[in-house]
Protein chains: 2
Amino acid sequence: MTDQDVRRRARGRPVATSHAEIEQAAFELFGERGFERTTLDAIAERVGVGRRTLFRYYQSKNDIPWGQFDQTLAGFRKLLAAQPHEIPLHDAVHRAVVDFNRFPDNARPSHRDRMRLILTTPELRAHSVHQYAAWRAAIAEYVARRTNARPSDLVPRLIGQVSLALALTAYEVWLDDESADLPGVLDEGMSNLVRYLCPT
Amino acid sequence: MTDQDVRRRARGRPVATSHAEIEQAAFELFGERGFERTTLDAIAERVGVGRRTLFRYYQSKNDIPWGQFDQTLAGFRKLLAAQPHEIPLHDAVHRAVVDFNRFPDNARPSHRDRMRLILTTPELRAHSVHQYAAWRAAIAEYVARRTNARPSDLVPRLIGQVSLALALTAYEVWLDDESADLPGVLDEGMSNLVRYLCPT
DNA sequence: ACAGTAATGGCACTCGTGGCGATAAAGCCA
DNA sequence: TGGCTTTATCGCCACGAGTGCCATTACTGT
């Protein structure tokens with residue numbers, strides 16, 4: 001999971017920290033002072049590393065809460081590709097989205113903490129656009145493959161955007177309601193959307 | 001439209017510039033050097049005003065391309081409120097969205113230039129989340145009114161998000177294709193979405 | 001021990017942003 | 001005309017994110 005374990009000791013100087021360590025320290029501080037009032041210096045100090053080094057692990061302060069989203073995204077692409085070709089397109093996409101959002105509860109920081117921070121901090125809400133774009137692209141490419149279109153065509157793009165819309169709505173409702181489970185809200189959203197759009 | 005005209009000369013020192021003037025200067029520079037490499041100093045200098053003064057007109061550099069979106073948004077709320085109660089909800093919302101996106105071609109910077117800048121500059125794409133949130137809220141409130149729900153409930157939120165998804169997709173396609181007209185792409189997107197979601 | 005290698009981390013710089021207070025340019029009124 | 005009030009401008013300083021540059025450090029392999 002964490003890079004230290006995977007990465008066979010290369011030749012040079014050993015790493016001084018890890019993504020996991022940085023995220024833990026950062027989330028502690030975010031919890032104490034809030035995201036905006038936590039400086040990179042503070043994070044670096046708590047990790048016991050130079051500020052400059054943080055930028056070797058995360059492109060920006062805003063990327064820290066997302067962790068290693070690249071890897072998560074790769075998992076999502078696999079989920080999409082694994083959907084059976086027989087089922088209708090919208091079912092395939094919806095299933096992949098729902099599966100993608102079944103998270104193990106043992107992560108640390110928890111998925112809920114992550115998403116709460118991201119979705120309640122204005123700056124992070126804005127910055128997340130970049131992650132969302134990559135997520136949408138995964139969907140658009142899948143749809144393009146199945147419909148013999150280009151990812152930049154109207155329908156693939158649209159389905160990517162609408163799937164994101166549904167997911168974001170589900171997340172907001174889920175965060176508002178402690179008892180809700182995410183896959184359930186996603187399903188509920190989807191059926192409401194169909195009810196809204198489809199002529200009787 | 002512009003504030004100078006409306007605002008009857010108040011008592012104190014007269015204003016040194018206007019939103020329109022700042023936007024023109026800014027768009028000139030954005031065109032020459034790109035958004036990111038245009039500093040606020042450069043804009044202030046071209047307008048002939050102190051850098052500090054720019055912040056009295058726009059909350060941030062990122063807000064300049066959006067112009068006075070508050071006013072635009074107020075117009076959108078009126079469009080929604082003006083929809084007849086008889087037609088189905090999704091028709092009402094869609095009509096308001098389409099009407100909202102009929103823009104007069106005489107604006108300067110043109111609507112197309114504005115949107116191209118916003119949608120092709122990563123930083124602006126991210127920052128636009130704030131404008132979008134206000135736009136979605138207008139829809140959510142309208143839907144809540146018509147369905148006797150709260151704006152924070154699943155369905156109003158969802159319809160706001162999905163409408164935005166559709167609009168953004170339409171904008172991207174519209175910008176890619178010089179010959180496309182925006183209302184047409186919006187309609188096309190909507191019918192494709194219905195086709196995608198609704199069981200035949 | 002020495003060379004090679006790769007991560008660290010300090011330094012200096014740019015830029016957006018916000019606070020504070022001084023100042024300029026008008027109108028109002030005597 | 002001269003002061004008073006009002007309101008916008010603008011300079012100055014400080015902070016934090018982000019970036020390029022480069023010396024340094026701590027390993028591995030020979």
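## The interface between chain A and chain B

In this predicted model, 35 residues of chain A are in contact with 35 residues of chain B, where contact means heavy atoms within 4.5 Å. The area buried between chain A and chain B, of which carbon and sulfur atoms give 71%, is about 3,300 Å²; buried area is the accessible area (1.4 Å probe) that two parts lose on being put together, summed over both. Of the area that chain A buries against chain B, 22% is supplied by A:Leu154, A:Tyr196 and A:Leu197, more than by any other three residues.

Four salt bridges are counted between chain A and chain B, a salt bridge being a side-chain nitrogen of Lys or Arg within 4 Å of a carboxyl oxygen of Asp or Glu. B:Glu172 forms a salt bridge with A:Arg157, with the closest N and O atoms 3.2 Å apart. On the side of chain A that touches chain B, the elements that give two or more residues are helix 6 (89–100), helix 8 (122–127), helix 9 (129–147), helix 10 (154–176) and helix 11 (182–197) of chain A, and helix 10 of chain A gives the most, with 14 residues. The residues of this side divide into 22 nonpolar, seven polar and six charged, with Ala, Val, Leu, Ile, Met, Phe, Trp, Tyr, Cys and Pro counted as nonpolar, Asp, Glu, Lys and Arg as charged, and the others, Gly among them, as polar.

## The disulfide between the chains

The count over all chains comes to one disulfide, defined as a pair of cysteine sulfur atoms within 2.5 Å. The disulfide is formed by A:Cys198 and B:Cys198, whose sulfur atoms are 1.9 Å apart. A:Cys198 lies in the segment after helix 11 of chain A and B:Cys198 in the segment after helix 11 (182–197) of chain B, so the pair joins two chains. The torsion about the S-S bond of A:Cys198 and B:Cys198 is about -95 degrees, and the disulfide is therefore left-handed.

A:Cys198 is buried at a relative accessible area of 13%, and B:Cys198 also counts as buried, at 14%; buried means under 20% relative accessible area, exposed over 50%, and partly exposed in between (1.4 Å probe, protein chains only).

## The fold of chain A and the setting of A:His111

Chain A has 11 helices and zero strands, where helices (H or I, at least four residues) and strands (E, at least two) are DSSP runs numbered from the N terminus. The C-alpha trace of chain A spans about 60 × 40 × 30 Å along its principal axes, and 50% of the 200 residues of chain A count as buried. Among the contacts in chain A with a separation of 6 or more, 64% come from residues 24 or more positions apart.

A:His111 is placed in helix 7 (residues 111–120) of chain A and is buried, with a relative accessible area of 14%. Leaving aside residues up to four places away in sequence, A:His111 touches A:Phe103, A:Tyr171, A:Trp174 and A:Leu182, and a polar contact of 3.3 Å joins the side chains of A:His111 and A:Tyr171.

## Salt bridges within the chains

The structure holds 24 salt bridges over all chains. In one of these, the side chains of A:Glu28 and A:Arg46 meet at 2.8 Å, N to O; A:Glu28 lies in helix 2 (residues 19–33) and A:Arg46 in helix 3 (residues 40–47) of chain A, so the pair ties together parts that are 18 residues apart in sequence. A:Glu28 is partly exposed at 39% relative accessibility, and A:Arg46 is partly exposed with a relative accessible area of 39%.

The side chains of A:Arg125 and A:Glu172 form a salt bridge of 2.7 Å, N to O, which links A:Arg125 in helix 8 with A:Glu172 in helix 10 of chain A, 47 residues apart. A:Arg125 is partly exposed at 22%, whereas A:Glu172 is buried at 11% relative accessibility. In chain B, B:Arg112 forms a salt bridge with B:Glu178, the closest N and O atoms being 3.9 Å apart; B:Arg112 counts as buried at 18% relative accessibility, while B:Glu178 counts as exposed at 57%. Salt bridges that share partners join A:Arg125, A:Glu172, A:Asp176 and B:Arg157 into one network.

## Conventions

Residues are numbered from 1 along each chain as its sequence is written, and chains are lettered from A and ligands numbered from 1 in the order in which they are written. In this predicted model local features need pLDDT of at least 70 and side-chain atom pairs count only at pLDDT 80 or more, while totals for chains, interfaces and linings use all residues; side-chain values use heavy atoms, with hydrogens and water left out.

Notes:
Polar contact = N/O pair within 3.5 Å; in protein donor to acceptor, adjacent residues only side chain to side chain.
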